[in-house]
Structure formats: C-alpha cells, structure tokens
Amino acid sequence: VIPAVNGKDYEEWTFQNGKKDQKTTLSVPQNLIGSERKIEISFKIKGYKSPQELGYGADRSKFGIFLSELEIAPKF
C-alpha cells in the first residue's frame with residue numbers, strides 16, 4: 001500500500017495477510033497542507049486479491065485494505 005497526501009506519495013507500507021493490529025503512522029508535513037488547510041489521503045494498492053485467490057472460499061471480490069481505526073492529531 002502506498003499512501004498519498006494531497007497527491008504526494010509516501011513510502012510503501014507492507015501488510016501481512018491474517019496479521020491483526022498492524023499499526024502505521026503517516027506524518028504530514030505542514031507544507032503539504034496548503035492554503036485551504038485541506039488534507040486528502042488516498043491509497044494505492046498493489047497486488048490486491050480476492051478471498052478465492054487466497055484460498056479462503058469462493059468470493060471473487062477483490063479486496064484492498066481495511067481501516068479499523070483512523071486517528072488524526074496535530075503534532076506539537
């Protein structure tokens with residue numbers, strides 16, 4: 001997964017299938033926030049697969065990432 005903030009890509013995150021509670025942190029530099037004070041976060045997903053392709057049933061729907069919690073906090 002490659003996170004992007006306001007169109008700028010960050011380093012790639014690697015997740016392991018089946019491993020729970022994989023925490024990651026994305027620090028956004030002040031200069032990327034811009035004059036509108038708006039932050040747009042997107043994710044580019046490489047190699048996403050269906051449960052069927054992973055051997056977990058017949059579901060052919062392609063999945064990417066699941067966010068269970070998102071915290072946005074200023075850095076002081």
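This note sets out the main features of the structure in numbered points.

1. Basis. The model is predicted; local features require pLDDT of at least 70, side-chain atom pairs count only at pLDDT 80 or more, and totals for chains, interfaces and linings use all residues. Residues are numbered from 1 along each chain as its sequence is written, and side-chain values use heavy atoms, with hydrogens and water left out.

2. Elements. The protein has zero helices and three strands, and its elements run β-β-β from the N terminus on. Helices (H or I, at least four residues) and strands (E, at least two) are DSSP runs, numbered from the N terminus.

3. Overall form. The radius of gyration of the protein is 15 Å, well over the 11 Å that the globule rule gives for 76 residues, so the protein is more spread out than a compact globule. This radius is taken over C-alpha atoms, and the rule is 2.2 Å times the number of residues to the power 0.38. Along the principal axes, the C-alpha atoms fill a box of roughly 50 × 20 × 20 Å.

4. Burial and surface. Of the 76 residues, 14% are buried (buried means under 20% relative accessible area, exposed over 50%, partly exposed in between, with a 1.4 Å probe and protein chains only). The protein exposes about 6900 Å², of which carbon and sulfur atoms supply 50%; accessible areas come from the Shrake-Rupley method with a 1.4 Å probe, and for residues only the protein chains shown count as cover.

5. Three strands form an open sheet in the order 2-1-3, with antiparallel pairing. Strand 2 and strand 3 stand at the edges, each with a single partner strand, so one side of each is left without a neighbour in the sheet. Two strands pair if DSSP finds at least two bridges between them.

6. Pairing of strand 1. Strand 1 and strand 3 pair in the antiparallel sense over four bridges; P3 has F43 as its bridge partner in strand 3, and I2 stands opposite K44. With strand 2, strand 1 pairs in the antiparallel sense over two bridges, and V5 has K8 as its bridge partner there. These two strands form a hairpin with two residues between them, and N6 in the turn has a positive phi of about 50 degrees.

7. Side chains of strand 1. In a regular strand the side chains alternate between the two faces of the sheet. From strand 1 (residues 2-5), I2 and A4 point one way and P3 and V5 the other way, and all are buried.

8. The structure holds one aromatic pair. W13 and F43 form this tilted pair, 6.2 Å centre to centre with 45 degrees between the planes. Rings of Phe, Tyr and Trp (its six-membered ring) pair if their centres lie within 6.5 Å; planes under 30 degrees apart count as stacked, over 60 as edge-to-face and the rest as tilted. W13 lies in the loop between strand 2 (8-9) and strand 3 (41-44) and F43 in strand 3, so the pair ties together parts that are 30 residues apart in sequence. W13 is buried, at 15% relative accessible area, whereas F43 is partly exposed, at 31%. Separately, the charged end of K8 sits over the ring of Y10, 4.7 Å from its centre (NZ of Lys or CZ of Arg within 6 Å of the ring centre and within 35 degrees of the ring normal).
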